[in-house]
Amino acid sequence: MDVNTSERTMQLRLAAHISWANTTDRSSRTAAARKASHHTRFLEQARKQHPNASEAELAGIAASLKKAHYQALALKSAQARRIKKEQAQADKARRIERELAAARSGSAA
């Protein structure tokens with residue numbers, strides 16, 4: 001049976017809802033994800049960089065590390081979008097140049 005993207009999405013959402021409906025202890029089901037969360041990672045990194053810092057200081061350092069991480073992701077995303085746009089513009093310019101060259105050679109004949 002051929003399933004389009006929309007139907008597949010609906011099937012996956014249905015399965016997720018059924019799965020969560022059958023989960024009695026939601027907290028234990030998500031414990032591993034919470035343990036591996038970004039916040040935990042940034043706190044661990046802050047503790048390594050500043051082993052003598054207080055918990056309040058570590059929280060601030062972890063917040064800065066998190067902001068830096070997401071800013072780096074935003075920068076990479078912006079660069080990727082710029083490169084994609086530049087490539088599209090260059091492709092369009094080449095296509096127009098080919099069409100003009102074809103038109104010139106066609107009118108010369």
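Q: In which helix is arginine 47 found?
A: The model is a predicted one. The protein chain has five helices and zero strands. Among these helices, the one that holds arginine 47 covers residues 38-49, and this is helix 4.

Q: Is arginine 47 buried, partly exposed or exposed?
A: Buried residues have under 20% relative accessible area and exposed residues have over 50%, with partly exposed in between. The relative accessibility of arginine 47 is 38%.

Q: Which residues does arginine 47 touch, not counting residues up to four places away in sequence?
A: A contact requires heavy atoms within 4.5 Å. With residues up to four places away in sequence left out, arginine 47 touches Glu55 and Leu58.

Q: How many Å apart in space are arginine 47 and isoleucine 61, C-alpha to C-alpha?
A: Along the sequence, arginine 47 and isoleucine 61 are 14 residues apart. In space, their C-alpha to C-alpha separation is 8.9 Å.

Q: What separates the C-alpha atoms of arginine 29 and histidine 50?
A: Arginine 29 is found in helix 2, which covers residues 26-29. Histidine 50 lies 21 residues from arginine 29 along the chain. The C-alpha atoms of arginine 29 and histidine 50 are separated by 33 Å.

Q: Which residues does arginine 29 touch, not counting residues up to four places away in sequence?
A: Arginine 29 is partly exposed, with a relative accessible area of 39%. Once residues up to four places away in sequence are set aside, arginine 29 touches Ser19, Trp20 and Thr23.

Q: Why is the protein chain described as more spread out than a compact globule?
A: Read along the sequence, the chain follows the pattern α-α-α-α-α. For 109 residues the globule rule gives 13 Å. The chain is more spread out than a compact globule because its radius of gyration is well over that value, at 26 Å.

Q: What percentage of the residues of the protein chain count as buried?
A: Along its principal axes, the C-alpha trace spans about 80 × 50 × 15 Å. The chain exposes about 9200 Å², of which carbon and sulfur atoms supply 57%. Of its 109 residues, the share that counts as buried is 6%.

Q: In which helix is confidence lowest?
A: The average pLDDT of the protein chain is 92, and 95% of the residues score at least 70. Confidence is highest in helix 1 (residues 5-21), at a mean of 95. The lowest mean, 82, belongs to residues 31-35, which form helix 3.

Methods. Residues are numbered from 1 along each chain as its sequence is written. This is a predicted model: local features need pLDDT of at least 70, side-chain atom pairs count only at pLDDT 80 or more; totals for chains, interfaces and linings use all residues. Side-chain values use heavy atoms; hydrogens and water are left out. pLDDT is the predictor's confidence in each residue, from 0 to 100. Helices (H or I, at least four residues) and strands (E, at least two) are DSSP runs, numbered from the N terminus. The radius of gyration is taken over C-alpha atoms; the globule rule is 2.2 Å times the number of residues to the power 0.38. Buried means under 20% relative accessible area, exposed over 50%, partly exposed in between (1.4 Å probe, protein chains only). Accessible areas come from the Shrake-Rupley method with a 1.4 Å probe; for residues, only the protein chains shown count as cover.
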